[in-house]
Amino acid sequence: MVKNKKYNKGILVRTCKRCKKIIDERSLYDYCPECFRKIEEIFDKIEEYLKEYPGATAFEIEQETGVPYHIINNFVREGRLIEIPNEYLNFECKRCGCLLLSAHHKYCPSCRREIEKELESTKKQLRKSLNHENAKMHIKHGEGRRK
Ligand SMILES: [Zn+2]
Ligand SMILES: [Zn+2]
């Protein structure tokens, strides 16, 4: 059987790679317009992430953008994403030890949220205690020089 084609009433037709709907034989893409739009949206997400974090691993992209690995892999197979061997990687989250495969992040997304929360509360506490520490000091009249 020809890949991505099927017989409809004896006639060979092209079908959408994703939803299997019949598409125009002359279509530039292997997807129906609806699926094509959805796929472009996903690709935009990946593209945006890669602009910010060049050379991110598929694993990292999945973790950070929520785009499943097999979809990222599809883009690789279609030639839209290119795989480059990776020698430098942080393998694990420094906090919980989960797999990261990222050169950009030291912590996984959930740990980053936790750390942010902790930072926020430390900042708040600091601000509270600083109310005394950063107060301007003045010498009280009459008691300035004690012997
Ligand atoms: Zn479709
Ligand atoms: Zn973590």
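## Basis of the description

The model is predicted; local features need pLDDT of at least 70, side-chain atom pairs count only at pLDDT 80 or more, and totals for chains, interfaces and linings use all residues. Residues are numbered from 1 along each chain as its sequence is written, chains are lettered from A and ligands numbered from 1 in the order in which they are written, and side-chain values use heavy atoms, with hydrogens and water left out.

For four tetrahedral donors the ideal angle at a metal is 109.5 degrees.

Cys 19 belongs to the loop between strand S2 (11–15) and strand S3 (22–23), and Cys 32 to the loop between S3 and H1, so the pair ties together parts that are 13 residues apart in sequence. Helices (H or I, at least four residues) and strands (E, at least two) are DSSP runs, numbered from the N terminus. Cys 19 is partly exposed, with a relative accessible area of 36%, whereas Cys 32 is buried at 3%. Buried means under 20% relative accessible area, exposed over 50%, and partly exposed in between (1.4 Å probe, protein chains only).

Cys 93, in the loop between strand S4 (90–92) and strand S5 (99–102), and Cys 111, in helix H4 (residues 109–133), link distant parts of the chain, 18 residues apart. Both Cys 93 and Cys 111 are buried.

## Packing of helix H1

Helix H1 (residues 33–52) packs against helix H3 (residues 69–77) at an angle of about 95°, with the axes 11 Å apart. Axes are lines fitted to C-alpha atoms, for helices over the stretch in contact, and angles run from 0 to 180 degrees between N-to-C directions. H1 is therefore roughly perpendicular to H3, a term for angles of 65 to 115 degrees. Ile 39, Ile 42, Phe 43 and Ile 46 of H1 make the contact with Ile 71, Ile 72 and Phe 75 of H3; contact means heavy atoms within 4.5 Å.

H1 and H2 pack at about 110°, also with axes 11 Å apart. This contact involves Lys 45, Ile 46, Tyr 49 and Leu 50 of H1 and Glu 60, Ile 61, Glu 64 and Thr 65 of H2.

## Individual residues

Ala 56 lies in the loop between H1 and helix H2 (58–65) and counts as buried at 12% relative accessibility. The C-alpha atoms of Ala 56 and Ser 102 are separated by 6.5 Å, although these residues are 46 apart along the chain.

Lys 20, which is not a glycine, has a positive phi of about 70° and is located in the loop between S2 and S3.

Key: Angles under 35 degrees count as roughly parallel, over 145 as roughly antiparallel, 65 to 115 as roughly perpendicular and the rest as oblique.
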